[in-house]
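Please look over the structure below with the following notes beside you. They are arranged as numbered points, and each point takes up one topic.

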Amino acid sequence: MTGDDPAAGTAQPGPARRPVAPPGARPPDDLVECLFRTHALTLVRTAVLLVGDQDSAEDVVQEAFLGLYRSLARLRDPDKALPYLRASVLNGCRSVLRARRRARRRPPQHDPPVWSAEAAAMSRDDTRAVLAATTRLPRRQREVLVLRYYLGLADREIADALRVSRGTVSSTASRALAALARDLREEP
Amino acid sequence: MNRMEDRLRDAFGAAAGTVRADTIRGLPGRPPSPPGRRWLVPLAAAAAVAVVIAAVFVITPLVLSGHRGAATYRPRSATSAGVTRSPQPSARVTVGRCVHVTATGDFDGDGTPDVVTLVDVLPAGQTCRQDLSDHLRIRVTFGSGGGFDRPFTYCTGGACDSVFTATDLAGDGRSELAVEVGPGAVIDFVEFFRVSRHGISPLRIAAAGAAKAGLKPGPAVFGGSQDSGVQSPVACHIRPDGSRVLVSIQAESLSSRITGPWRVKRTELQLRGDSLHVVGVSTATVRGFPVRSLRFRNGCP
């Protein structure tokens, strides 16, 4: 379905350096299909790290691609499409988390988040502590960590996606790592 | 800090790796409204509003008054204007069959989608209700033609419609049916069925290894208590190597606090034919186990 490696289950950061579209891809539909084939899996995985479950993550990514369809007429530079999708996914994840906060009193209908003990029991790994610690970070710090350590984006690209300055990205990442180290009682 | 960064990369990679390429949805269809003509939508809406206003304030008075030229509006009763009132909706609708829940999957494995419907058959004159009666039937329509309609006697306590879904436990492209069979909100079981052209029958738990896992050989019934001290979710899980396992969890709080610690007993089963075989049992103690109402997590669509 997509061009990503489906077995990339262990510490494979997202293919941030992949070309947006191969030479000769004709906008608009070719571009969207190519972007989907190349980046959908990575975007879903990124969203999973932010919202915690695959169903919500896929909803976010589908909405992002629908938004890209709607914006194609205004998109002059095809190279801007991927940053647009990343920003859409980030915004979509924020909306999901906001909606969950509002609906906190209702019983959850989504799958258990990847950082839950139930998920840990399912996947039999010990990464839950790290993932759970990231959920306790402020939203922006968490986004910076996911974009930097999962997608492998440069600070400049993170700054574009989050619409902040590079300095803010550096300082946010530094504070997030320090907070995680404190939380996990690790030597900084 | 480097170690922290490595741990982050490992954790993100492991969590992201649970999402597999073959389980995510395809590219959404292009939205019907062309991006360059979005201004047409509000324009069409405004035109529609204008037509309605014209119809109400200009055309209708002309028609009702019977004048050809004068536009004086004289309100008249609905009867005298020749308008027939629509009948009031009936408070009760008489039906005999109520469709409660439907699942779609490839149950016969022929590559065409099949539909399984849980139908509640009520005596004539009774209305469909939210809860289920004791007269349930299962209706199967195969995509390639044919099907059957039989009594379904596995539901207890008015359950059966909160989990009623197709799942592919073996990964062979042939769906199995997972049904929450009750009996209640606190103690609740999920049963797995094979749907074929010959009918519907429960999958079986094989005897080997079942005792060690605390399972009873026989019909594939999983679950149990779902309260603040015991949690018994069941899930289908795709391993990184692509194989699929049904994971049955019995989590018990070791303290009086809901935060635990919890002892989690995890049993893995693999479907071979129509039998589920225990392939692994492990026990771990974890801090914090979400007390939730999710009986079955269908990770094997």
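1. Contacts along chain A. Among contacts in chain A between residues at least 6 apart in sequence, 64% join residues at least 24 apart, where two residues are in contact if their C-beta atoms, placed from the backbone, lie within 7 Å. The corresponding share in chain B, again among contacts between residues at least 6 apart, is 51%.

2. How to read the model. This is a predicted model, in which local features need pLDDT of at least 70 and side-chain atom pairs count only at pLDDT 80 or more, while totals for chains, interfaces and linings use all residues. Residues are numbered from 1 along each chain as its sequence is written, and chains are lettered from A and ligands numbered from 1 in the order in which they are written.

3. Chain A has 8 helices and 0 strands, whereas chain B has 3 helices and 17 strands; here helices (H or I, at least four residues) and strands (E, at least two) are DSSP runs, numbered from the N terminus. Of the 188 residues of chain A, 44% count as buried, and of the 301 residues of chain B, 28% do. A residue is buried if 20 or more other C-beta atoms lie within 10 Å of its own, exposed if 12 or fewer, and partly exposed in between, with C-beta atoms placed from the backbone.

4. The nonpolar cores. A nonpolar core is a set of buried Ala, Val, Leu, Ile, Met, Phe, Trp, Tyr and Cys residues joined through C-beta atoms within 7 Å. The largest one has 52 residues, and those with the most contacts inside it are Val44(A), Ala47(A) and Val61(A). Elements giving two or more residues to this core include helix H1 (29-51) of chain A and also helix H1 (2-16) of chain B, and H1(A) gives the most, with 13 residues. Leaving aside residues up to four places away in sequence, Val61(A) touches Ala40(A), Leu43(A), Val44(A), Ala47(A) and Val89(A). A second, separate core of 45 residues includes Phe142(B), Phe152(B), Val181(B) and Leu203(B).

5. Helix H5 of chain A. In H5(A), 6 of the 8 residues are buried, so this helix is largely enclosed by the rest of the structure. The buried residues are Arg128(A), Val130(A), Leu131(A), Ala132(A), Ala133(A) and Thr134(A).

6. The axes of helix H6 (residues 139-149) and helix H8 (residues 166-183) of chain A come within 9 Å and cross at roughly 100°; axes are lines fitted to C-alpha atoms, for helices over the stretch in contact, and angles run from 0 to 180 degrees between N-to-C directions. H6(A) and H8(A) are therefore roughly perpendicular to each other, a term used for angles of 65 to 115 degrees. On the H6(A) side the contact includes Val144(A) and Leu145(A), and on the H8(A) side it includes Ala173(A) and Ala176(A).

7. Two exposed residues. Arg163(A) has a positive phi of about 60° although it is not a glycine, and its place is in the loop between helix H7 (155-162) and H8 of chain A. Arg163(A) is exposed, with 9 other C-beta atoms within 10 Å. Gly167(A), which sits in helix H8 of chain A, also counts as exposed, with 10 C-beta neighbours inside 10 Å. Gly167(A) and Arg156(A) are 11 residues apart in sequence and 9.4 Å apart in space, C-alpha to C-alpha.

How values were computed
Angles under 35 degrees count as roughly parallel, over 145 as roughly antiparallel, 65 to 115 as roughly perpendicular and the rest as oblique.
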